[in-house]
Amino acid sequence: MEAMTREALLAALRLQIDWGADEALEEAALDRTVARTPAPATPARQAPALVLPTRAVVGAPPAVTRAAALAAQADNLPALREAMAAFDGSPLRETATNLVFADGVPESGLMLIGEAPGGDEDRLGRPFVGVSGQLLDRMLASIGLRREESFYITNILPFRPPGNRTPTDAEISLFLPFVLRHIALARPRHLVLLGGVAAKSLLRSKEGITRLRGRWHEVTKNDGQSLPALATLHPAYLLRNPAAKRDAWVDLLLLQRSLSRQ
Ligand code: URA
């Protein structure tokens with residue numbers, strides 16, 4: 001590693017404190033800027049997925065079929081946003097203040113997917129703008145990623161569940177066709193799945209996030225192609241469990257390493 005200036009060392013120390021580190025866990029310093037798990041090869045950029053409902057939708061409730069048809073008709077991101085705003089198949093639309101579509105730069109090649117908007121996001125119509133979003137922004141900034149230029153971010157649900165409750169399986173299935181279309185239209189080269197809801201629904205896994213995190217998986221798109229997806233802890237979980245920030249840091253280094261290879 002290059003010799004760091006005093007200012008850079010102080011900034012790194014401030015970040016540790018921001019992240020809640022309050023004691024040294026090992027005698028010798030460990031260079032955590034060196035990721036130890038090999039990253040997957042980066043697939044070539046693909047054309048948007050075929051305009052077809054997903055196989056999962058066959059035999060699904062009528063609202064899911066309608067969601068899939070609407071999603072499939074959207075040819076670009078503004079059209080998808082409009083389709084989601086017009087979709088009346090979920091009662092969440094009635095209790096939410098705003099549709100929360102996405103934020104950041106769709107062309108960046110990196111797409112992050114969280115769970116569902118909270119109160120601040122619902123009020124402002126933008127994802128991850130509350131305290132957990134601010135923590136996430138600081139974490140990503142520590143590996144040089146900024147929302148204004150380096151990533152795109154959305155959620156599995158575009159509407160806030162009342163009282164910030166966890167989304168039900170039915171709500172996740174209902175909005176999944178929109179999420180898959182969103183991925184197809186944004187054409188990221190890497191996905192980051194924030195928390196158990198995003199990881200389990202896109203990886204179609206029953207495993208919890210503590211088992212899924214820390215490694216690259218593959219998300220299968222509607223066109224049958226797959227995309228590397230890193231599962232990691234949700235920033236709201238990190239706020240409640242500061243000791244887990246250490247695992248999140250390991251995950252961020254995996255991401256940084258993959259991005260630096262493209
Ligand atoms: N938590 C999420 O999963 N998404 C947001 O947009 C805000 C908090």
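Helices (H or I, at least four residues) and strands (E, at least two) are DSSP runs, numbered from the N terminus. The model is predicted, with local features requiring pLDDT of at least 70 and side-chain atom pairs counting only at pLDDT 80 or more, while totals for chains, interfaces and linings use all residues. Residues are numbered from 1 along each chain as its sequence is written, and side-chain values use heavy atoms, with hydrogens and water left out.

In the loop between helix H3 (77-86) and helix H4 (92-95) lies Asp88. Contact is taken as heavy atoms within 4.5 Å; on this criterion Asp88 touches Arg66 and Arg93, residues up to four places away in sequence not being counted. Asp88 and Arg66 are 22 residues apart in sequence, and their C-alpha atoms are 9.7 Å apart in space. A polar contact is a pair of N or O atoms within 3.5 Å; within protein, one must be able to donate a hydrogen and the other to accept it, and residues adjacent in sequence count only if both atoms are side-chain atoms. The side chains of Asp88 and Arg66 make such a polar contact at 3.1 Å.

Six strands form an open sheet in the order E1-E3-E2-E4-E6-E5, with mixed pairing (two strands pair if DSSP finds at least two bridges between them). Strand E2 (residues 110-114) and strand E4 (residues 190-194) run parallel and are joined by four bridges, with Leu110 opposite His190 in E4. Helix H7 (residues 169-186) packs on the sheet and touches E2, strand E3 (152-155), E4, E5 and strand E6 (226-232). The direction of H7 makes about 165° with that of E2, where axes are lines fitted to C-alpha atoms, for helices over the stretch in contact, and angles run from 0 to 180 degrees between N-to-C directions. Helix H11 (residues 245-260) also packs on the sheet, touching E2, E4, E5 and E6, and its direction makes about 155° with that of E6.

Strands E5 and E6 pair in the antiparallel sense over five bridges, and Thr220 has Ser226 in E6 as its bridge partner. The two strands form a hairpin with five residues between them, and Gly224 in the turn has a positive phi of about 90°.

A backbone N or O atom of Ala116 lies 3.0 Å from a ligand nitrogen atom, and one of Phe128 lies 2.9 Å from a ligand oxygen atom. A polar side-chain atom of His234 is 2.7 Å from an oxygen atom of the ligand.
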